[in-house]
Protein chains: 2
Amino acid sequence: MTDSQDDFRKHETSFATKKAKTPVQIARELRLQYESDVGIFFAEIAKLPRENLCKILIELPSAIFEEAFSRIPHKKMAKALSYLASDELTDFLQRIKQYDRDYAKSTYHLLAPEEQAEVSNLSQFPTDKAGAYMQMEMLTAKLTETLSQVKQKVRIFRQEKPNSPIFKLFVIDAEQHLVAILHFTDLILFDDDDTMKKIIAQATIHHQKPLSVHTSTPIEKVIQLFEEYELSIIAVVNDQEQLQGRIVFEDIYDLIRMQEQSQALKMAGADYEAEEESFSSARKARLQWLFINLVALCCAAFIISLYKETIEQIVALAVLMPIVAALGGNVGNQAVTVTVRKLALGQINWKNALPVIKQEIMIGIMNGIIMGAVVAMITLIWFDQPQLGLVIAIAIMINLAVAGFIGSMIPLLIKKFGGDPAIASPLFLTTATDAMGFFVFLALAEIILI
Amino acid sequence: MTDSQDDFRKHETSFATKKAKTPVQIARELRLQYESDVGIFFAEIAKLPRENLCKILIELPSAIFEEAFSRIPHKKMAKALSYLASDELTDFLQRIKQYDRDYAKSTYHLLAPEEQAEVSNLSQFPTDKAGAYMQMEMLTAKLTETLSQVKQKVRIFRQEKPNSPIFKLFVIDAEQHLVAILHFTDLILFDDDDTMKKIIAQATIHHQKPLSVHTSTPIEKVIQLFEEYELSIIAVVNDQEQLQGRIVFEDIYDLIRMQEQSQALKMAGADYEAEEESFSSARKARLQWLFINLVALCCAAFIISLYKETIEQIVALAVLMPIVAALGGNVGNQAVTVTVRKLALGQINWKNALPVIKQEIMIGIMNGIIMGAVVAMITLIWFDQPQLGLVIAIAIMINLAVAGFIGSMIPLLIKKFGGDPAIASPLFLTTATDAMGFFVFLALAEIILI
């Protein structure tokens, strides 16, 4: 007894210390290999087991992915693809298609007929809809089926799709409508000849409402449902309410990460998909942003040019003016970031945003008074001109208060008019705080100092 | 037959259309209520069912949360708390403690002894460790137990903890060491008098390795494991490798979201926890950032002041210099954002970052040439001074190339020296691109134009 328990212990420890490498980890190692020795890289690719081949390839950066897949024979690729869930299989083929239409086509024709059907079904959904993220493999049972029939289905499913986890049982009626989603923890308590209908009728067990979305439901909505209802799985139905597939938690991890990443990159003037795709698409997306920014910067330059004579008389203004503009930019950027996130999480909308706007203005005013006073002191010590200190203090206070207001209003306005707050907000913001900062400071200087 | 199927259909449709509101949704409505009529707000709070009370309260913004909980009698609160999982219960009490130590203490003493034990056990773990996020409620079975004993445990667990989902069965040996994690889909296939030991020995079933982390494992590491291994659940063990609790997928949704949010806010100079806490802590955290930024801005101002005479002679320099600095800031910011995210995802580290640095420099150079040429054209048209155009073109090219280099190096260096790249990178970056931009532009102007 004690011996065999020890055996189990050893078993456990060896698993814990020597965990199997994940596709992500293998892909990371392969990338380093590629950089140091391309020959060994291709040798390693050739040695990869079919079950994991596609999962590893898809994690490689685009440039390497393109080289790697194109050297794999169509037949081997088709076999490797059959280890993927239907949604992954479709994604993979679509990615290959970007680089090499012919390769994708030939491989597609080597797939099993039901796999071809799944791919052509799934690839019809746009990437922002639930349909594109569903797996069509799942365990379903009819209302009239008994528990022993379900057990048989489990055995077959396990054999046919060893990599496809069964989380829950989807119970459907004769017309494929979803009736209930059952957990196996519940099923275990019933007898072999109980039908699904009888099991569901037990009110105590049927606490799980069959939550479902349509194939055309926006994927953001699906992510929100998973988070708010703390779901592990959701059913996807078509317009006739017939069960089509399932979306599971592991996709949600990726989707939340991607949603946030894409938002953060957008706010910095880069594009998630372009960054993932290739060097040149990343560079072009970023260049576009620089151009739009240049327009904004020219506005700021134009405002400065209006006060050329004033600057000629007091060059200290040229020295100090970037401080006024940049502090406004910082405060505004804080307000924009906070507001964009509140909007994205659905915490605020145009109608209930007043408290947020008020708060941002208050922060702008209070921090504006403090920063204005501090910069005035610095100016006084540096240039020994009390009036210049006064001018910059007032300019900073005004600019920071306005920055708080604009910073919270811009994302709300963009959202109201149907735009994406994360893309356009930082741009409008800097334009506003730069222009405002230079204008207030130089105009005040002209009035007070000259 | 057809009739009863129709019944099921109706049942399903009503569920789909009239979904129960989630705590998040109810909290959102209550907040609006609070803003429009505080009286009704408290009436609604009093009416909330105990099962949901705490889950709803915790979703309220801090200011409202504080008011709401303090009016609930200790006894009612203690009962409401018992509907929470151990980790949520501990979180809730700790949050209350921030506002009102006495209230938290009195409520704690009204909890059941085993709940008190769970709280005092869980609250010992720092918030960045796995221990703080585990639930202690879970279904365990000894190796010697039979399937029918497990079934009995399921029934009892369901009764005692109706809100605590059972995802998997944790099988432990006599010393509480985790031996296996079993899915009920597998268990359903066995006989009532099979012991866990026998079931696990069936190699075909035991495909699930018992992946576990320690209570002291950093929570980031746990999140990474969930994402890479696509886990729904993980076991948490103590230093003696004894099973302590579990962390489940629903916490991971929150944690991924929080990790990304906190990073995005940090990069904008705001702090996630301070923003969540209160107006004044948010304002102070943001002010701190403005002060640090001011130091950077003073460096830039100092560099401009070195070229006062040059600016006095050619005021156009003051008009154009913000363009050079800001474009550098943009390119650098793109590089910083991309690099910080690659670091956070563990895609790069100090040793294998060379390709990323090279890519950022290349983007800086290529986009620098294009932007330099464009701005030179604008300058030529605006000021009609070919030499000024040449100066600004060269300055932009240099500054953008340097910005790409610095933007990718800064996060890597900060990470290497143990700092948090998301906090400090944007600051060091703007300091560098501003100083560099003003310096290159004004110094070149002095050499070429004067």
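Trainee: Strand β5 of chain B, residues 233-237: is it mostly covered or mostly open?

Mentor: Mostly covered. This is a predicted model, and in it five of the strand's five residues are buried.

Trainee: OK, and which residues sit on which side of β5(B)?

Mentor: Ile233(B), Ala235(B) and Val237(B) are on one side, with Ile234(B) and Val236(B) on the other, and both faces are covered. In a regular strand, side chains alternate between the two faces of the sheet.

Trainee: What does β5(B) pair with in the parallel sense?

Mentor: That's β4(B), residues 212-214, through three bridges. Ser212(B) has Ala235(B) as its bridge partner there.

Trainee: How does the chain get from β4(B) to β5(B)?

Mentor: Through helix α13 of chain B, residues 219-228, in a right-handed β-α-β crossover.

Trainee: And which way does β6(B) run against β5(B), parallel or antiparallel?

Mentor: Antiparallel, with five bridges joining β5(B) to β6(B), which spans residues 243-248. One of the pairs is Val236(B) with Gly245(B). The two strands form a hairpin with five residues between them, and Glu241(B) in the turn has a positive phi of about 65°.

Trainee: Switching to helices: at what angle do α20(B) and α21(B) cross?

Mentor: Roughly 155°, with the axes of α20(B) (residues 386-416) and α21(B) (residues 421-449) coming within 8 Å. Angles over 145 degrees count as roughly antiparallel, so that's what α20(B) is to α21(B).

Trainee: Is that crossing left-handed or right-handed?

Mentor: Right-handed.

Trainee: What kinds of residues make up the contact of α20(B) with α21(B)?

Mentor: They split into 25 nonpolar, six polar and one charged.

Key: Residues numbered from 1 in each chain as written. Chains lettered and ligands numbered in written order. Predicted model: local features only at pLDDT ≥ 70, side-chain atom pairs only at ≥ 80, totals over all residues. Buried ≥ 20, exposed ≤ 12 C-beta atoms within 10 Å, placed from the backbone. Helix = DSSP H or I, 4+ residues; strand = E, 2+ residues; numbered from the N terminus. Pairing = 2+ DSSP bridges. Right-handed = clockwise from strand over helix to strand, strands pointing away. Axes fitted to C-alpha atoms, helices over the stretch in contact; angles between N-to-C directions. Parallel < 35°, antiparallel > 145°, perpendicular 65-115°, else oblique. Left-handed = near helix turned anticlockwise from the far one by under 90°. Nonpolar A, V, L, I, M, F, W, Y, C, P; charged D, E, K, R; others polar.
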